[in-house]
Amino acid sequence: MCSYSFSVSKVYGYSDGRIRRFKDDFMFGASTAAYQVEGAWDLDGKGESIWDRFLHQNPEIIPDGEGGDEACDSYHNYKRDVEMLRELGLDYYRFSISWPRILPQGFANNINKKGLEYYDNLIDELLKYDIKPMVTMFHFDLPQTLQDLGGWANPNSVQWFEEYAKVIFKQYAHKVPYWITVNQPNFICVDGYGGKENAPGIGSSGIGDYMCIKNVMLAHAKAYRLYEKEYKKQFNADVGISLALSWVDPLNNITENVEAADIYRDFTIAMYVNPIWSKEGDFPRTVKRRVLERSTAQGFPESRFPVLSPEEIQLLKGSADFMGVNHYTTFLVKPSEKQYPVPSFEDDVNVTLTYRPEWKQAQSKWLRSAPYGIYKLCLYLNKEYDYPLMIITEHGWSTKKVLKDRSRVRNMREFFKALLLGIEDGARVKGYTSWSLMDNVEWSAGTSERFGLYDVDFESSKKTRTARLSALVYKRIIEQRIVEPHWIPNSLNISITKRSNAQRNDIEPYFVFIINYLFKNILLS
Ligand SMILES: CCCCCCCCCCCCC/C=C/[C@@H](O)[C@@H](N)CO[C@@H]1O[C@H](CO)[C@H](O)[C@H](O)[C@H]1O
């Protein structure tokens with residue numbers, strides 16, 4: 001049992017007032033995902049994905065009725081997207097490839113040339129302006145034809161993914177420096193196979209979700225090993241996986257709550273990190289033991305949690321060049337007071353999640369601002385997994401449709417301060433990716449939750465994009481390499497500025513420090 005205690009004043013108060021600086025080689029980017037932005041859901045030979053099917057069949061669950069058929073129409077507007085990345089001055093763009101756009105029926109016997117062409121054009125447009133492509137190979141949109149065969153619950157899915165990986169590595173390996181095999185196995189499996197509210201909505205909690213986790217993790221490892229064997233020597237890209245890693249603290253220091261926090265971390269963090277980054281490999285012992293005990297008590301002849309063979313453990317161990325960290329929020333936990341359905345993932349974990357009331361709420365119900373969480377997550381990962389190399393592959397904040405998104409600016413600044421503190425304390429974080437470049441289709445929430453640095457007018461035929469306040473603040477942070485607490489632009493106009501390190505003013509952090517010091521100690525005294 002470990003409580004991950006640390007100096008509260010340092011984190012909650014940022015009390016030393018020091019301005020910390022992002023090193024010049026720290027990379028900044030922005031991210032999107034195919035289903036959420038591309039639109040053109042059935043154009044030019046694209047096959048149906050599980051999200052196409054799910055939201056077409058259940059339109060009533062989308063609050064504003066806006067699914068991904070058109071989305072931001074990035075399929076036609078990708079040049080404008082790249083222009084926005086240039087306006088922001090970003091180093092890289094994280095986007096995903098839609099599996100059914102490349103392989104309409106999921107299998108490599110039928111490759112859609114128009115699909116390949118679309119991503120070739122996007123990548124070339126990025127490279128033309130010196131913006132690095134960071135390509136996610138799978139971000140939730142499985143071909144429906146593969147779902148009809150059981151999807152990620154079918155052990156053959158490991159091989160299906162490997163065949164898809166072969167096609168896209170062959171096509172793009174020579175121009176992609178960063179690959180992310182899979183985005184968020186927990187969302188794919190726990191929400192999609194355990195739950196009913198996200199595609200494919202199987203509702204097999206405590207069984208289907210665990211089968212899916214094993215297969216998705218192995219699929220990731222197979223793709224990593226494929227790149228390692230066939231392409232690493234020649235092109236030397238970094239290949240990683242993106243994990244949804246919320247931080248979790250006990251509600252208070254009562255032993256049961258501290259234990260509940262440990263269990264929750266094991267089921268949501270260690271579950272995905274252990275097989276790749278721990279010395280022993282495999283899924284966490286605590287998770288295996290707990291599910292076995294419950295399965296036995298429930299009358300199952302063996303554990304509902306699948307076993308990895310010694311070969312599979314080896315395949316997974318070390319199968320990533322970096323850990324993609326998607327971090328949005330922090331939860332507080334205590335043991336559950338209610339009885340969850342049996343069997344279920346929720347019953348296996350058996351905790352209740354809550355927040356501190358003072359943590360500001362975003363437009364999304366699940367999202368509260370507790371930026372210290374990224375600092376504690378860094379400490380935890382460093383301690384448990386010996387300082388893994390990380391890229392923040394997602395962090396963001398949702399609002400209503402407003403241009404002056406002050407709450408996003410506040411959240412971003414606080415997050416950066418906590419992240420810089422984590423880096424100062426040893427975290428090896430090499431980049432930050434804002435979720436999202438622009439408003440998009442937030443899965444079952446449609447466009448009711450806006451995560452964009454750019455507003456998107458979904459009513460307009462061109463899906464017009466307009467920079468928000470946060471876009472200008474993010475651009476300024478990237479240029480200056482520091483977080484200026486009070487900087488605001490004169491207007492919301494944004495334009496492309498030539499990037500150069502010489503622009504960065506080394507004296508400015510100290511100037512800002514003196515102004516802050518004077519403000520706090522003299523003007524306020
Ligand atoms: C009285 C207190 C009640 C507390 C209730 C808490 C309920 C919380 C339930 C847990 C839900 C966790 C949800 C977390 C989700 C994120 O990790 C996940 N959305 C991140 O995925 C990425 O999200 C982006 C923006 O949401 C984007 O959609 C992207 O595609 C995803 O990769």
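**Entry 1: a pair of strands.** I looked up Met 323 and found that its bridge partner in β10 is Met 390. I note that the model is a predicted one. I then turned to the strands themselves: β7 covers residues 322-326 and β10 covers residues 389-395. Their pairing is parallel and extends over four bridges. I recalled that strands of a sheet pair through backbone hydrogen bonds, in a parallel or an antiparallel manner.

**Entry 2: two helices.** I compared helix α4 (residues 74-88) with helix α6 (residues 113-128); their axes come within 10 Å and cross at roughly 10 degrees. Angles under 35 degrees count as roughly parallel, so α4 is roughly parallel to α6. On the α4 side, I listed Tyr 75, Tyr 78, Lys 79 and Val 82 as making the contact. On the α6 side, I listed Tyr 118, Asn 121, Leu 122, Glu 125 and Leu 126. By class, this contact of α4 with α6 has six nonpolar residues, one polar and two charged.

**Entry 3: the ligand.** I recorded 18 residues surrounding the ligand, of which the closest are Ala 33, Ala 244, Leu 353, Thr 354 and Trp 366. The shell comprises 10 nonpolar, six polar and two charged residues.

How values were computed
Residues numbered from 1 in each chain as written. Predicted model: local features only at pLDDT ≥ 70, side-chain atom pairs only at ≥ 80, totals over all residues. Near = placed C-beta within 6 Å. Nonpolar A, V, L, I, M, F, W, Y, C, P; charged D, E, K, R; others polar. Pairing = 2+ DSSP bridges. Axes fitted to C-alpha atoms, helices over the stretch in contact; angles between N-to-C directions. Parallel < 35°, antiparallel > 145°, perpendicular 65-115°, else oblique. Contact = placed C-beta atoms within 7 Å.
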